[in-house]
Amino acid sequence: MKAAVLRAVGLPLQIEDVQIDKPGPREVLIRTVAAGVCGSDLHFLQGDFATPLPTVLGHEAAGVVEAVGCDVRTVKPGDHVITCLSAYCGHCDHCLTGRLNLCVSDETSRDADQPPRLARAGQPMPQYLHLSAFAEQILTHEHAVVAIRKDMPLDRAALIGCAVVTGFGAVTHTARLQPGETVAVIGCGGVGLSAINAALIAGAGRIIAIDTVASKESLARAFGATDFICSAQDNPVKAVRQLTGGGAHHALECIGLAKTAEQAFAMVGRGGTATIVGMIPPGQNLSIPGAALLSEKRLQGSFMGSNRFPVDMPRLVDFYMQGRLKLDELISRRIRLDQVNEAFAEMQTGEIARSVILFD
Ligand SMILES: NC(=O)c1ccc[n+]([C@@H]2O[C@H](COP(=O)([O-])OP(=O)(O)OC[C@H]3O[C@@H](n4cnc5c(N)ncnc54)[C@H](O)[C@@H]3O)[C@@H](O)[C@H]2O)c1
Ligand SMILES: [Zn+2]
Ligand SMILES: [Zn+2]
């Protein structure tokens with residue numbers, strides 16, 4: 001099958017022929033229909049975060065099940081599915097307390113003594129985040145996929161696999177925003193725009209979008225922002241504190257920078273919560289004034305929107321089908337697999353929402 005391979009940090013992805021194995025007992029083989037290009041892929045491409053190389057990037061996908069292993073219970077051939085990188089085992093402490101996204105069991109991957117899921121010219125190729133989705137097929141554990149209704153368009157479904165479940169869940173599950181509360185969202189890419197949309201659906205009183213790129217204003221407002229601050233021109237902390245009369249109830253950092261995470265903490269008011277969604281690379285530390293904790297401000301992380309994705313994703317699909325979740329507007333460009341490097345270049349301008357790769 002054709003796949004976009006990262007050979008070394010910083011190099012463009014190369015389209016190569018990669019071999020994919022047959023499903024093991026609990027595994028699912030998927031024909032990839034669409035895969036979104038996420039800011040996290042860029043972090044691994046640039047080496048901000050490490051993954052064993054060479055590998056196939058991509059982790060935000062939807063497709064059709066081609067084959068399943070003998071013990072698979074949750075999906076069958078022909079099912080339309082969305083993938084999720086936070087594969088869960090179902091019986092560890094995290095899973096059993098409802099925090100599937102925090103499962104770190106290795107049983108959703110293959111053991112080292114088993115044949116690899118992916119190979120190139122007879123050499124095993126490590127799989128990326130359980131998925132390696134920039135490829136014509138994906139082989140993964142059944143607990144990394146969920147079946148969805150068949151009238152849902154798969155290019156839009158793919159975005160639910162990371163950007164939407166992450167941004168939406170950060171607001172509803174991690175931050176637990178209450179109706180009427182104010183929220184500031186820093187960074188209006190695929191994740192931030194999804195957080196804005198979630199805030200609207202959850203009934204936020206005021207939704208303040210922040211980005212350094214001024215042209216993001218119209219997109220942010222289309223997703224539900226009531227205010228926009230261009231942080232290349234204005235100090236976002238001052239502006240949010242002013243707009244909210246002392247600080248927002250919530251701030252969500254959706255970029256992955258220590259500086260903007262500190263801004264998120266600074267712009268929430270007494271009792272407010274800063275939720276950090278962006279992936280801040282190892283070695284970057286945050287600095288916050290200790291005295292601010294006396295006002296019961298909180299700083300917390302959010303991983304994949306604190307999801308219970310087998311429940312969350314079909315609900316998000318329903319929201320889209322009802323016209324409440326915006327996904328059409330999230331796709332800036334539909335591209336072929338061999339245009340994936342263009343998508344990374346465009347992402348770095350900050351001008352686009354999401355690029356989606358379509359497979360024939
Ligand atoms: N926590 C998780 O589970 C999780 C899941 C998915 C993605 N992420 C992370 O979320 C972050 C966002 O992902 P994305 O796909 O939306 O990225 P993106 O590149 O599409 O969007 C980033 C946005 O931030 C803006 N921006 C950049 N620097 C800024 C600054 N200093 N101030 C204000 N705005 C700024 C850009 O203009 C752009 O609009 C990444 O770090 C990604 O790795 C985390
Ligand atoms: Zn992602
Ligand atoms: Zn588990």
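Is Arg 149 buried, partly exposed or exposed? Hold that thought for a moment, everyone, and I'll come back to it.

First, some housekeeping. What you have on screen is a predicted model, where local features need pLDDT of at least 70, side-chain atom pairs count only at pLDDT 80 or more, and totals for chains, interfaces and linings use all residues. Residues are numbered from 1 along each chain as its sequence is written, chains are lettered from A and ligands numbered from 1 in the order in which they are written, and side-chain values use heavy atoms, with hydrogens and water left out.

Now, back to Arg 149. At 34% relative accessibility, Arg 149 counts as partly exposed; the word covers anything between buried, under 20% relative accessible area, and exposed, over 50%, with a 1.4 Å probe and protein chains only. Its side chain meets that of Asp 151 in a salt bridge, 2.8 Å from N to O. By salt bridge I mean a side-chain nitrogen of Lys or Arg within 4 Å of a carboxyl oxygen of Asp or Glu. Asp 151 is partly exposed too, at 46%.

How many salt bridges does the structure hold? The answer is 19. Let me show you a few others. Arg 26 and Glu 142 pair through their side chains at 3.0 Å, N to O. This pair links distant parts of the chain, 116 residues apart: Arg 26 is in the loop between strand 3 (19–20) and strand 4, and Glu 142 in the loop between strand 10 (137–141) and strand 11 (145–148). Helices and strands here are DSSP runs numbered from the N terminus, with helices being H or I of at least four residues and strands E of at least two. Glu 142 is buried, at 2% relative accessible area, while Arg 26 is partly exposed at 33%.

Then there is Arg 206 with Asp 227, whose closest N and O atoms are 2.9 Å apart. Arg 206 lies in strand 13 and Asp 227 in strand 14 (residues 227–230), so this pair ties together parts that are 21 residues apart in sequence. Asp 227 is buried at 12%, and Arg 206 is partly exposed at 28%. Finally, Asp 21, Glu 27, Arg 110 and Arg 117 are linked in a network of salt bridges.

On to the metals. Which residues hold the zinc ion that is ligand 3? Its protein donors are Cys 89, Cys 92, Cys 95 and Cys 103, each through SG, at 2.3 to 2.4 Å. Donors are N, O and S atoms within 2.8 Å of the metal (3.2 Å for Na, K and Ca), and water is not among the atoms, so sites may look incomplete. The spacing in sequence is C-x2-C-x2-C-x7-C.

The zinc ion that is ligand 2 is coordinated by Cys 38 (SG), His 59 (NE2) and Cys 162 (SG), at 1.9 to 2.3 Å. Along the chain, the pattern is C-x20-H-x102-C. Cys 38 is buried at 2%, and His 59 is buried at 1%.

Let's zoom out to the domains. The assignment, which is automatic or from a database, gives domain 1 (2–161 + 306–358) and domain 2 (176–301). Their centres, taken over C-alpha atoms, are 28 Å apart. Each side brings 17 residues to the contact, contact meaning heavy atoms within 4.5 Å. Between them the domains bury about 1,400 Å², 66% of it on carbon and sulfur atoms; that is the accessible area, with a 1.4 Å probe, that two parts lose on being put together, summed over both. On the domain 1 side, Phe 49, Lys 326 and Leu 330 lose the most area to domain 2, together 32% of what that side buries. The count of salt bridges between domain 1 and domain 2 is zero.

One last stop: helix 7 (residues 258–267). Seven of its 10 residues are buried, so helix 7 is largely enclosed by the rest of the structure. Among those buried residues are Phe 265 and Met 267. Thanks, everyone!
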